[in-house]
Amino acid sequence: MPRSFCTEGPIDKERNYYVPRTELLAVGLKKVEEWRYFTLTAPRQSGKSTYFQFLADEIRKSRPDWLPLWISFEPLGNGTEVESLRFLKEQLHFRLNSSSLDPDVALGDFPDTFRELPLFLSRLGQQHDRDVVLIVDEMEGLQNIPLLNTFLHVLRSIYHDRRNYRLRSVILVGVSNITGILQSTASPFNIAEQITIPYFTREE
């Protein structure tokens, strides 16, 4: 099948031309290996979604003891906590199904509040004896700022105990850094490192 260029979203390795960006991928894998939490920022249409797609693919291929889970905050908007969690549960149902896990069993005790999400992910990791790698795309999509603050504060609160939670890495993806999203210099997620996705080099 002839290949084509793709500019509207994550590429299909079988159908589209693409640049592997091996060195940049290795940076992300090293951070996950070291139990780091980090943000991934870049302008739109610069390859963020493709990057974490490649990262998740590499994890599935080389680290069967890790469980990469991708969710997107894009549809959440100013929704309530109940509405937001319903959307997230629907996304995780699809992701778990594509990971050959039984989503109905895994999501049977899905939490009622954002504060309970880390404990839920911990039980999920323990259940399948795998460390969870949580990738959150389109951070700006959650426009309910108090709810976003809660989410980030909870992640911050369990960070030093993340090995016991089996929440190996959290990767927040967006076009802004977290301080910019919250419009505050007192980010509750000050544990995060940052990777910036640059435009292609001449060599690439």
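Two strands are said to pair if DSSP finds at least two bridges between them. In this predicted model, strand β4, which covers residues 167-174, meets that condition with strand β3, residues 131-137, since five bridges join β3 to β4 and the two run parallel. Within this pairing, L134 has V170 of β4 as its bridge partner.

Strand β4 is likewise joined to strand β1, residues 38-41, in this case by four bridges, and these two strands also run parallel. Here the bridge partner of L40 is V173, a residue of β4. As for the surroundings of the strand, buried residues are those with under 20% relative accessible area, and eight of the eight residues of β4 are buried, so the strand is largely enclosed by the rest of the structure.

The largest share of the lining, six residues, is supplied by α2. When the lining of the second largest pocket is sorted by class, eight residues are nonpolar, while three are polar and three are charged.

Terms used. Residues are numbered from 1 along each chain as its sequence is written. This is a predicted model: local features need pLDDT of at least 70, side-chain atom pairs count only at pLDDT 80 or more; totals for chains, interfaces and linings use all residues. Side-chain values use heavy atoms; hydrogens and water are left out. Ala, Val, Leu, Ile, Met, Phe, Trp, Tyr, Cys and Pro count as nonpolar, Asp, Glu, Lys and Arg as charged, and the others, Gly among them, as polar. Buried means under 20% relative accessible area, exposed over 50%, partly exposed in between (1.4 Å probe, protein chains only).
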